[in-house]
Amino acid sequence: MKITAETRTVVKPNHAMITPDGYVNSVVPGWSDCQINVIINPAMGAQFSQQLIHLDAEGNGEAKTEFSEIFLYVVHGHCEISVEGKTHDMSQGNFLYIPPGNDYRVTNNTSLTQILTFQKEYEPLEDYPVPQSVFGNRAKVPSELYMEDPQLHMQNLLPDELSFDMAVNIFTYDPGGNLPFVETHIMEHGLLYLAGQGIYMLDDNWYPIQKGDSLWMAPYCPQWFVAMGKEPAVYIYYKNVNRYAIKQ
Ligand code: UGY
Ligand code: MN
């Protein structure tokens, strides 16, 4: 019998690991026939939000970005997302970035669909236009070596342009691959494991981590990772970029 008083979830002031065993549904107005797990949120001290939306066969939702931008990624299943008068057919690996000031609608058409979202308030940059929406597929995004390490493969899902203030990347590590140094930076991360397993070091803690787990790393949280096992470790992650931290 599994003891019910145990979890791998950890929540600390500058990082968190959220594992699926602790999920509790949030009811969000506008969404029906779905379970919404708010994994990372300003309530935790973060400056963005990460959610997992599990849509049942009839699941659907309607929302507005208002002053925020949202990035949606289909982890598995198939759904449709309508925005700006267009309907996008979204299967596993498809993603959609929706800029501020838009209404959007998500409609499921399979038995179970899981969507990952990253959302933050958009920070405009003088002389740069607000980004357009971006629709794409992970399989079509070029992969580049990270820091010239042949075991580390990086895909940047959003354009590398100053008008964007968020990046979403997929990082694939061959078994044994590891971050070349302990990173400590002002940018924040939210992350979902898509495949494989490894050990994440956050601050001076070492966490075994696997497919389905999520991490939050606050600004300046020291971070390092090594992939273990027989298959590549893959995670998708959010990072705030291209803005100077001090507001006048
Ligand atoms: O982009 C990054 O900062 C990335 N290398 N960090 C990470 O994977 N923890
Ligand atoms: Mn980093």
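Reader: How much space lies in the second largest pocket?

Author: In this predicted model, about 360 Å³ of space lies in the second largest pocket. Its lining is made up of 24 residues, and Asn156, Ala167, Asn169, Tyr237 and Lys239 are those that lie nearest the centre of the pocket.

Reader: Which strand gives the most to the lining of the second largest pocket, and how do the residues of that lining divide?

Author: Strand S14 gives the most, with 6 residues, while strands S13 (149-156), S14 (166-173), S15 (189-195) and S20 (233-240) each supply at least two residues of this lining. By kind, the lining residues divide into 16 nonpolar, 5 polar and 3 charged.

Reader: Which residues coordinate the manganese ion (ligand 2), and what do the angles among its donor atoms say about the site?

Author: Ideal angles at a metal with six octahedral donors are 90 or 180 degrees. Here the manganese ion (ligand 2) is coordinated at 2.1 to 2.3 Å by Glu183 (OE), His185 (NE2), His189 (NE2) and Gln223 (OE1), and the site is octahedral, with angles of 76 to 174° among its 6 donor atoms. In sequence, the spacing of these donor residues reads E-x1-H-x3-H-x33-Q, and both Glu183 and His189 are buried.

Terms used. Residues are numbered from 1 along each chain as its sequence is written. Chains are lettered from A and ligands numbered from 1 in the order in which they are written. This is a predicted model: local features need pLDDT of at least 70, side-chain atom pairs count only at pLDDT 80 or more; totals for chains, interfaces and linings use all residues. Side-chain values use heavy atoms; hydrogens and water are left out. Donors are N, O and S atoms within 2.8 Å of the metal (3.2 Å for Na, K and Ca); water is not among the atoms, so sites may look incomplete. Four donors count as tetrahedral if all angles lie between 85 and 135 degrees; four count as square planar and six as octahedral if opposite donors are over 155 degrees apart and all others between 65 and 115; anything else is irregular. Buried means under 20% relative accessible area, exposed over 50%, partly exposed in between (1.4 Å probe, protein chains only). On a 1 Å grid over the protein atoms alone, a cavity is a set of points where a 1.4 Å probe fits but cannot get out, and a pocket is an open set with protein on both sides within 12 Å along at least five of seven lines; lining residues have an atom within 4 Å of a point. Grid points are joined across faces, edges and corners, and a volume is the space filled by probe spheres set on the points. Helices (H or I, at least four residues) and strands (E, at least two) are DSSP runs, numbered from the N terminus. Ala, Val, Leu, Ile, Met, Phe, Trp, Tyr, Cys and Pro count as nonpolar, Asp, Glu, Lys and Arg as charged, and the others, Gly among them, as polar.
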